[in-house]
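This report describes the backbone, side-chain contacts and confidence of a single model. The sequence and structure are shown first, and the discussion follows.

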Amino acid sequence: MPFLRIEISIHVAPEHTMKPDKIPLGDNIRIARARLGYSQEYVADRLGISKQRYRQLENEEQDSLTFGRLSEIGSILETDIETLMTLHRTPFAVDRMSAQDTLILALNQLIQTQQELMIVLQKNLTLE
């Protein structure tokens, strides 16, 4: 039986690359989501948007995010708008995550990758 090896790397951008007046909202949302162990797909489904659109939201590839949408996200992530706006300043922010939080984030990413792989494999099996 072949062995499948999946590697996950976590890239954390240095804080100095961020514009001083810019709130890293996408990063803050990602941190809040990861701490709960939610996948992007889960949050996207709860918001009623595609996973691709949600990914764009976290990567800040969208120009607009309304307070209404931010409130919805906060509700799903069991937090409020103020926390989502200031999460990067808290002690557990990405650049200051503990080893345990980093491991949890990596494991959540691995689970999400495995779930996506299972979906692809199931689709391939149904096509045969």
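## Salt bridges

Arg-30 and Asp-27 both belong to helix H1 (residues 25–36), where three residues, about one turn of the helix, separate them. Helices are DSSP runs (H or I, at least four residues), numbered from the N terminus. An α-helix has 3.6 residues a turn, so residues three or four places apart point the same way. A salt bridge (a side-chain nitrogen of Lys or Arg within 4 Å of a carboxyl oxygen of Asp or Glu) links Arg-30 to Asp-27, with the closest N and O atoms 2.7 Å apart. Arg-30 is partly exposed at 24% relative accessibility, and Asp-27 is partly exposed at 36%. The accessibility classes are buried under 20% relative accessible area, exposed over 50% and partly exposed in between (1.4 Å probe, protein chains only).

Arg-30 also meets Glu-58 in a salt bridge of 3.4 Å, N to O. Because Arg-30 lies in helix H1 and Glu-58 in helix H3, this pair ties together parts that are 28 residues apart in sequence. Glu-58 counts as buried, at 1% relative accessibility. Another bridge joins Glu-116 to Lys-51, with closest N and O atoms 2.0 Å apart. Glu-116 is in helix H6 and Lys-51 in helix H3, so parts 65 residues apart in sequence are tied together. Glu-116 is partly exposed at 28%, as is Lys-51 at 22%. Through shared partners, salt bridges connect Asp-27, Arg-30, Arg-33 and Glu-58 in one network. The structure holds five salt bridges.

## Model and confidence

This is a predicted model, in which local features need pLDDT of at least 70 and side-chain atom pairs count only at pLDDT 80 or more, while totals for chains, interfaces and linings use all residues. Residues are numbered from 1 along each chain as its sequence is written, and side-chain values use heavy atoms, with hydrogens and water left out.

The protein chain has an average pLDDT (the predictor's confidence in each residue, from 0 to 100) of 76, and 72% of the residues score at least 70. Confidence is lowest in helix H6 (residues 99–127), with a mean of 78, and highest in H2, at 94. Over residues 8–20 pLDDT stays under 50, and the model has 13 contacts beyond four places in sequence for them; contact means heavy atoms within 4.5 Å.

In helix H2 (residues 40–47), Gln-40, Val-43, Ala-44 and Leu-47 are the buried residues. Viewed down the axis of H2, these buried residues fall within an arc of 100°, so they line one face of the helix; the arc is that of the directions from the helix axis to the C-beta atoms. Gln-40 has 8% relative accessibility. Leaving aside neighbours within four places in sequence, Gln-40 is in contact with Arg-33, Lys-51, Tyr-54, Arg-55, Glu-58 and Gln-112. Just after H2, Gly-48 adopts a positive phi of about 75°.

There is one aromatic pair. Tyr-38 and Tyr-42 form this tilted pair, at 4.7 Å centre to centre with 50° between the planes. Rings of Phe, Tyr and Trp (its six-membered ring) pair if their centres lie within 6.5 Å; planes under 30 degrees apart count as stacked, over 60 as edge-to-face and the rest as tilted. Tyr-38 is buried at 19%, whereas Tyr-42 is partly exposed at 32%.

## Positive phi in loops

Most residues other than glycine have a negative phi. Glu-60 has a positive phi of about 55° although it is not a glycine, and lies in the loop between helix H3 (51–58) and helix H4 (67–76). Glu-78, in the loop between H4 and helix H5 (81–86), has a positive phi near 55°. Glu-60 is partly exposed at 30% relative accessibility, and Glu-78 is exposed at 58%.

Conventions: Helix = DSSP H or I, 4+ residues; strand = E, 2+ residues; numbered from the N terminus.
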